[in-house]
Amino acid sequence: METHDPLERAELTFLLGMAFQLVLSEFVSRLDAAGHADLRPVHGLVFQALRGSGATSSELAERLGVTKQAAGQIIDDLEKRGYVERRPHPAGGRRKLVVLTGKALEHLVAAGRILHELEAQLAEQLHEAGRQIPRAELAAVIRALAGDSIPPWRPVW
């Protein structure tokens, strides 16, 4: 069946990138409107990487795929704004453990709620058009390229 929609003939990387850009833009817009305009998407990645027991700045750099210097700058900025704090590392020594504060956890709760609401709205819109979010197809693309070891999601934009 021939389609007249040029998007359906576009390259996969363009479609994936454009879909990501549009969903992320809408998510950020809603998050800003909910009172969280002081953070950007990379901060959400940092919060996800620190979730649970935290990490050292070196571990954070590895998880994000950035230099130790870049991770240190992000940590310094987030610490000044009250989203993370440095604590003595449980193993001792000079290392510090970077952990999320209550303020960061509140942000994660709001971001999670907004993301789920956005996804539900997209699912409803697609359902009305006889379509669905292509979660299984996207997961299959990831598995085809990455196999069993799913790589970390890194901010490369």
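**Ground rules**

I'm working with a predicted model, where local features need pLDDT of at least 70, side-chain atom pairs count only at pLDDT 80 or more, and totals for chains, interfaces and linings use all residues. Residues are numbered from 1 along each chain as its sequence is written, and side-chain values use heavy atoms, with hydrogens and water left out.

**Layout**

I started with the secondary structure and found six helices and two strands. I took these as DSSP runs numbered from the N terminus, with helices being H or I of at least four residues and strands E of at least two. Going along the sequence, I read α-α-α-α-β-β-α-α. I looked up the extent next: the C-alpha trace spans about 65 × 35 × 20 Å along its principal axes. Of the 157 residues, 24% are buried (under 20% relative accessible area; exposed is over 50%, partly exposed in between, 1.4 Å probe, protein chains only). I also checked contacts (heavy atoms within 4.5 Å): among those between residues at least 6 apart in sequence, 49% join residues at least 24 apart.

**Helix 1 on helix 5**

I looked at helix 1 (residues 12–33) against helix 5 (residues 102–128), and their axes are 10 Å apart at an angle of about 130°. For the axes I used lines fitted to C-alpha atoms over the stretch in contact, with angles from 0 to 180 degrees between N-to-C directions. Helix 1 and helix 5 are therefore oblique to each other (under 35 degrees is roughly parallel, over 145 roughly antiparallel, 65 to 115 roughly perpendicular, the rest oblique). The crossing of helix 1 past helix 5 is right-handed, meaning the near helix is turned clockwise from the far one by less than a right angle. On the helix 1 side I listed Val23, Glu26, Phe27, Arg30 and Leu31, and their partners in helix 5 include His107, Ala110, Ile114 and Leu118. By class, I get nine nonpolar, two polar and three charged residues in the contact of helix 1 with helix 5 (nonpolar: Ala, Val, Leu, Ile, Met, Phe, Trp, Tyr, Cys and Pro; charged: Asp, Glu, Lys and Arg; polar: the others, Gly among them).

**Helix 2 on helix 3**

Then I went to helix 2 (residues 41–50) and helix 3 (residues 57–64), whose axes come within 10 Å and cross at roughly 120°. Helix 2 passes helix 3 in a right-handed crossing too. Leu45, Val46, Ala49 and Leu50 of helix 2 make the contact with Leu60, Arg63 and Leu64 of helix 3. I sorted these into six nonpolar, no polar and one charged.

**The aromatic pair**

I searched for aromatic pairs and got one. Ring centres of Phe47 and Tyr83 are 5.6 Å apart with planes at 35°, so I logged the pair as tilted (centres within 6.5 Å, Trp by its six-membered ring; planes under 30 degrees stacked, over 60 edge-to-face, the rest tilted). Phe47 sits in helix 2 and Tyr83 in the loop between helix 4 (68–80) and strand 1 (84–88), so the pair ties together parts 36 residues apart in sequence. Phe47 is buried at 0%, and Tyr83 is buried at 3%.

**Loop between helix 2 and helix 3**

I picked out Gly54 in this loop, and Gly54 is buried at 8%. Skipping residues up to four places away in sequence, Gly54 touches Arg63, Leu97, Val98 and Val99. I also noted Thr56 in the loop, with Thr56 buried at 7%. Beyond four places in sequence, Thr56 contacts His89, Arg95, Lys96 and Leu97.
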